[in-house]
Amino acid sequence: MTEQQAVRQAILSGSTFEEQIGYARAVVDGDWVHVSGTTGFDYASMTISEDVVEQAEQCLRNVGAALEEAGCSFGDVVRVRYLLPERADFEPCWPVLRRYFGDVRPAATMMMCGLADPRMKIEIEVYARRGSGARV
């Protein structure tokens, strides 16, 4: 095993998509944590709300679980990307996003794009550096 392999760790959430498509919820590479685009599916039941704000909440619970398993928190997030099919769905999510990121102030981008399943209304991707921020 090389030194590079020793510091790289895949984090799986139990989502059926990870197995079907072939990816990890997150990858830890040294101090960096790359969290894949994460949707509002409750992975335990593989259900998703029809409400975009509830989806945003679930996205962030899913992201938070991956960050915690990687040994960091939302306070360590340095970049976030929001992906939404409908521009009008973004603003209703702002209070939820501010609750998680308002004190952290990561670099952020919102992009409009199609998502893999028409039930998905928001997808959130983050990059974090362990130990770089306050525990939030």
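Is D117 buried or exposed in this predicted model? With a relative accessible area of 14%, D117 is buried, where buried means under 20% relative accessible area, exposed over 50% and partly exposed in between (1.4 Å probe, protein chains only). Residues are numbered from 1 along each chain as its sequence is written, and side-chain values use heavy atoms, with hydrogens and water left out. Because the model is predicted, local features need pLDDT of at least 70 and side-chain atom pairs count only at pLDDT 80 or more, whereas totals for chains, interfaces and linings use all residues.

**View 1. The salt bridge between R119 and D117.** A salt bridge is a side-chain nitrogen of Lys or Arg within 4 Å of a carboxyl oxygen of Asp or Glu. Four salt bridges are found in a search of the whole structure. In this one, the closest N and O atoms of R119 and D117 are 2.7 Å apart. R119 is partly exposed, at 44% relative accessible area, while D117 is buried.

**View 2. The salt bridge between R25 and E18.** The N to O distance between these side chains is 3.5 Å. R25 is buried, with 1% relative accessibility, and E18 is buried as well, with a relative accessible area of 6%.

**View 3. The salt bridge between R99 and E57.** The closest N and O atoms of R99 and E57 lie 2.6 Å apart. R99 belongs to helix α4 (residues 90–101) and E57 to helix α3 (residues 52–69), so the pair ties together parts 42 residues apart in sequence. Helices here are DSSP runs (H or I, at least four residues), numbered from the N terminus. R99 is exposed, at 53% relative accessibility, whereas E57 is buried, at 18%.

Notes:
Helix = DSSP H or I, 4+ residues; strand = E, 2+ residues; numbered from the N terminus.
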